[in-house]
Amino acid sequence: MTEERRTIVRVVGVTKRFTMGKVEVRALKGVDLEIFAGEYISIMGPSGSGKSTLFNMIGGLDKPTEGKVFIDEVDISQLDAYELAWLRNRKIGYIFQTFNLIPVMSALENVTLPMTFAGMNADDAQDKGIELLKLVGLGERFQHKPLELSGGQQQRVAVARSLANDPAIVLADEPTGNLDLTTGEEIIELLRMLSQDRGVTIISATHDYKMLNVSDRVVWVRDGVVDRIERREELKITVGGIGGKDNGRAEATVHGGERG
Amino acid sequence: MEDASAYRFENMESKPTTSHRDSASARTGPGGSVMDKPQGRIDRLITLSFAKSVEISFKSLRVRFFRSMITVSSLVLAVSFLAFVLVNLDVASGLLAHGGRDAATVLSAAGYDVDGSGGGVSMAAKERWIVFLSLLVCTVGIINAQLMSVTERFSEIGVMKCLGALDSMILRLFLLEAAMQGLAGSLAGAVLGSLFSLLTGAVRFGLAAWVHVSWLGVLGSVGLATLAGCLLSLLGVLYPALVAARMEPINAIRAEH
């Protein structure tokens with residue numbers, strides 16, 4: 001299914017070292033990864049596994065110590081500040097665990113801000129912003145400030161904002177981490193819909209097992225290396241074991257997926 | 001390297017051809033590297049118009065009104081002191097020009113440095129120092145308040161950068177905010193200080209102070225104090241704004257956790 005698809009993200013031999021005080025920490029120890037356009041990828045792993053570091057590299061938020069990250073066949077370490085800004089503005093949409101909406105702006109202004117940066121005129125941006133908010137199911141709440149919205153609604157605004165300039169990639173960092181079970185499921189469903197209907201590549205770093213059901217592939221990261229990569233078809237067999245080891249919530253979700 | 005230049009090419013190329021390029025042809029861009037997205041209207045590089053910058057910074061000032069008031073209050077006080085001293089001098093020179101010898105003795109008694117030969121009044125050395133110190137303290141206060149404001153808005157700045165804001169945009173937003181704060185604060189301070197000075201002048205020297213004062217001079221003093229206040233406000237925000245602008249988005253977002 002993915003074989004004929006275009007590669008959108010290629011990670012080649014990436015290592016990352018941090019110095020924390022006098023101690024050198026090797027967060028990534030040589031990661032190779034290829035992500036195809038239109039895929040829904042989950043990067044899973046325990047805290048401290050290097051999952052977030054890898055994720056930030058893919059998003060162009062952090063630079064590797066060694067190795068290269070290509071986005072759309074462009075080596076992002078070669079880009080200057082303007083081109084990086086352009087990349088973040090047009091090619092990548094970000095969704096964060098803590099929503100990170102700008103608190104002083106209304107939902108609509110939050111969504112239109114990237115379009116403003118992209119030089120879109122105000123009226124077009126307004127129309128598109130409302131259209132995107134309708135898409136995520138917040139059509140009538142566009143005048144609200146983030147603090148007047150619930151967590152799930154804020155994350156919906158963040159999803160709409162990430163789509164502002166029709167990015168090729170949406171990066172979601174623990175998108176359900178601060179949400180309760182049902183709201184989290186709604187956000188996951190929304191992301192799945194986006195990847196199917198709009199062909200957006202979705203890459204999410206998570207340890208939410210609800211994500212497994214919708215992911216095309218799951219990348220397991222452990223101790224700074226890619227432990228294994230599983231396709232969804234292969235997943236259901238292995239996941240039973242993991243769900244059993246883990247909390248009951250994960251198990252329930254996975255079993256539900258099997259029945260459905 | 002080759003890839004990067006192809007990317008640059010895509011960047012540059014999209015700029016001048018906006019008008020005669022519809023979204024259909026945009027999809028089949030050079031080297032197939034253009035994304036399959038409607039590019040019709042969104043074609044220029046990263047921009048933020050001046051009007052929009054003003055709008056954003058004005059809004060964030062309005063939302064944080066109370067906070068901005070605190071930042072501005074030290075400026076208001078320092079500038080009003082400056083204006084007070086300057087207008088006092090205006091009042092004194094007015095009296096001296098009109099009253100001659102008698103006025104000179106009265107003013108000397110009131111603590112002014114009267115230059116007997118030239119007929120001018122100047123600030124006492126001590127007064128000059130106090131004004132200087134108050135402005136210095138005010139600048140340090142502004143730096144402090146603005147640094148706090150930057151820290152408070154770490155994640156906001158980080159998010160803006162993730163959405164594609166350039167360093168220069170962040171810098172501009174902070175400078176604009178400081179300029180607005182500076183203008184409003186020092187104008188209020190200057191008016192306040194000069195009114196107070198005129199009042200005390202009238203109390204000490206009678207209505208003659210108002211009759212003989214050069215109103216143009218008073219206006220000049222208000223203007224000078226306002227200008228000084230604006231400059232101090234901008235000076236105070238420079239370092240915090242640079243800190244904000246240079247911040248890596250990753251640090252900005254991490255800061256919240």
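1. Let's start with helix α1(A), which is mostly covered in this predicted model. Eight of its eight residues are buried: Lys51(A), Ser52(A), Thr53(A), Leu54(A), Phe55(A), Asn56(A), Met57(A) and Ile58(A). If you follow the chain just past α1(A), you come to Gly60(A), which takes a positive phi of about 70 degrees.

2. Next, a sheet in chain A. Four strands make up an open sheet, and their order is β2-β1-β4-β5 with antiparallel pairing. The edge positions belong to β2 (23-36) and β5 (74-75) of chain A; each has a single partner strand, so one side of each is left without a neighbour in the sheet. Helix α1 (residues 51-58) of chain A packs on this sheet and touches β1, β2 and β4 of chain A. The direction of α1 makes about 125 degrees with that of β1(A).

3. Within that sheet, one pairing is worth a look on screen. Strand β1 (residues 7-20) and strand β4 (residues 66-71), both of chain A, pair in the antiparallel sense over five bridges. To find your bearings there, look for Val12(A), which stands opposite Lys68(A) in β4(A).

4. Five of its five residues are buried, so β7 is largely enclosed by the rest of the structure. From β7(A), Ile169(A), Leu171(A) and Asp173(A) point one way, while Val170(A) and Ala172(A) point the other way.

5. What does β7(A) pair with? Strand β6 (residues 92-95) of chain A pairs with β7(A) in the parallel sense over four bridges, and here Gly93(A) has Val170(A) as its bridge partner. Strand β8 (residues 201-206) of chain A also pairs with β7(A) in the parallel sense, over five bridges; in this case Ile169(A) is bridged to Thr201(A).

6. You will find Val221(A) in strand β9 (residues 217-222) of chain A, and it counts as buried because 24 C-beta neighbours lie inside 10 Å. Leaving aside residues up to four places away in sequence, Val221(A) touches several others, including Lys51(A) and Leu54(A), both of which are among the buried residues of α1(A). Val31(A) is 190 residues away along the chain, yet its C-alpha atom is 9.3 Å from that of Val221(A).

7. Turning to chain B, helix α4 (residues 65-109) packs with helix α5 (residues 125-152) at an angle of about 170 degrees, and their axes are 9 Å apart. That angle makes α4(B) roughly antiparallel to α5(B). Among the residues that meet are Ile70(B), Leu75(B) and Phe81(B) from α4(B), and Val131(B), Leu135(B) and Ile142(B) from α5(B). The contact residues divide into eleven nonpolar, six polar and two charged.

8. Helix α5(B) has another packing to show you, with helix α9 (residues 215-246) of chain B. The two axes come within 8 Å and cross at roughly 30 degrees, which makes α5(B) roughly parallel to α9(B). The crossing is right-handed. Contact residues include Cys138(B), Ile143(B) and Val150(B) of α5(B), along with Leu232(B), Tyr239(B) and Pro240(B) of α9(B). By class, this contact has 13 nonpolar, four polar and no charged residues.

How values were computed:
Residues are numbered from 1 along each chain as its sequence is written. Chains are lettered from A and ligands numbered from 1 in the order in which they are written. This is a predicted model: local features need pLDDT of at least 70, side-chain atom pairs count only at pLDDT 80 or more; totals for chains, interfaces and linings use all residues. Two strands pair if DSSP finds at least two bridges between them. Helices (H or I, at least four residues) and strands (E, at least two) are DSSP runs, numbered from the N terminus. Two residues are in contact if their C-beta atoms, placed from the backbone, lie within 7 Å. Axes are lines fitted to C-alpha atoms, for helices over the stretch in contact, and angles run from 0 to 180 degrees between N-to-C directions. A residue is buried if 20 or more other C-beta atoms lie within 10 Å of its own, exposed if 12 or fewer, and partly exposed in between; C-beta atoms are placed from the backbone. Angles under 35 degrees count as roughly parallel, over 145 as roughly antiparallel, 65 to 115 as roughly perpendicular and the rest as oblique. Ala, Val, Leu, Ile, Met, Phe, Trp, Tyr, Cys and Pro count as nonpolar, Asp, Glu, Lys and Arg as charged, and the others, Gly among them, as polar. A crossing is left-handed if the near helix is turned anticlockwise from the far one by less than a right angle, and right-handed if clockwise.
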